[in-house]
Amino acid sequence: MVESVFNVKLKELRESKGLSVADLATRLGFKERDIIDFESAKKEPRLRDVIQFADFFEVTLEYIIKGKS
């Protein structure tokens, strides 16, 4: 499956904060499997999920979905 910018950015942001998949899942109320599936492009996030990730990592929606500041 082809990765989208979101998948790559989510993993980069998580790793830049030193968070494991389990840590991020716990902090945001997701299942670990959801985070793994988002990062591996096996599952597309809902808009509210993307907003939640952007808020948590303090980035814009445009950055997390397009890679632009």
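Predicted model: local features only at pLDDT ≥ 70, side-chain atom pairs only at ≥ 80, totals over all residues.
Author: Let's start with a working definition: a helix here is a DSSP run of H or I with at least four residues, a strand is a run of E with at least two, and both are numbered from the N terminus.

Reader: Thanks! Let's look at burial, then. Which residues of α2 are buried?

Author: The general idea is relative accessible area, found with a 1.4 Å probe and protein chains only: under 20% is buried, over 50% is exposed, and in between is partly exposed. In α2, the buried residues are Val21, Leu24, Ala25 and Leu28. Seen down the axis of α2, these buried residues fall within an arc of 100 degrees, so they line one face of the helix. That arc is taken from the directions that run from the helix axis to the C-beta atoms. Turned away from this buried side is a face that carries the exposed residues Thr26 and Arg27.

Reader: What do the buried residues of α2 pack against?

Author: For this we need contact, which means heavy atoms within 4.5 Å. The buried residues of α2 pack against α1, α3 and α4.

Reader: How do I read the way two helices cross? At what angle do α2 and α4 pack?

Author: Angles under 35 degrees are roughly parallel, over 145 roughly antiparallel, 65 to 115 roughly perpendicular, and the rest oblique. Helix α2 (residues 21-28) and helix α4 (residues 47-57) pack at about 105 degrees, with axes 12 Å apart. The two helices are therefore roughly perpendicular to each other.

Reader: Which residues of α2 and α4 meet there?

Author: From α2 come Leu24, Arg27 and Leu28, and from α4 come Gln52, Phe53, Phe56 and Phe57. This contact is made up of five nonpolar residues, one polar and one charged. In that sorting, Ala, Val, Leu, Ile, Met, Phe, Trp, Tyr, Cys and Pro are nonpolar, Asp, Glu, Lys and Arg are charged, and the others, Gly among them, are polar.

Reader: Now the charged residues. How many salt bridges does a search of the whole structure find?

Author: Side chains of opposite charge can pair when their charged atoms come close. The rule used here asks for a side-chain nitrogen of Lys or Arg within 4 Å of a carboxyl oxygen of Asp or Glu. The search of the whole structure finds six salt bridges. One of them joins Arg33 to Asp37, with the closest N and O atoms 3.1 Å apart. Arg33 and Asp37 are four residues apart in helix α3, which means about one helical turn. Arg33 is partly exposed at 45% relative accessibility, whereas Asp37 is buried at 15%.

Reader: Which residues does Asp37 contact, leaving aside its neighbours within four places in sequence?

Author: Those contacts of Asp37 are Asn7, Lys42 and Lys43.

Reader: And how far apart are the closest N and O atoms of Arg14 and Glu39?

Author: In that salt bridge, they are 2.6 Å apart. This pair links distant parts of the chain, since Arg14 is in helix α1 and Glu39 is in helix α3 (residues 32-39), 25 residues apart. Arg14 is buried at 7% relative accessibility, and Glu39 is buried at 9%.

Reader: Last one! Is Phe6 buried or exposed?

Author: Phe6, found in helix α1, is buried, with a relative accessible area of 5%. Not counting residues up to four places away in sequence, Phe6 touches Phe38, Pro45, Val50, Phe53, Ile64 and Ile65. Also, the C-alpha atoms of Phe6 and Gly67 are separated by 7.9 Å, although these residues are 61 residues apart along the chain.

Notes:
Residues numbered from 1 in each chain as written. Heavy atoms only, no water. Axes fitted to C-alpha atoms, helices over the stretch in contact; angles between N-to-C directions.
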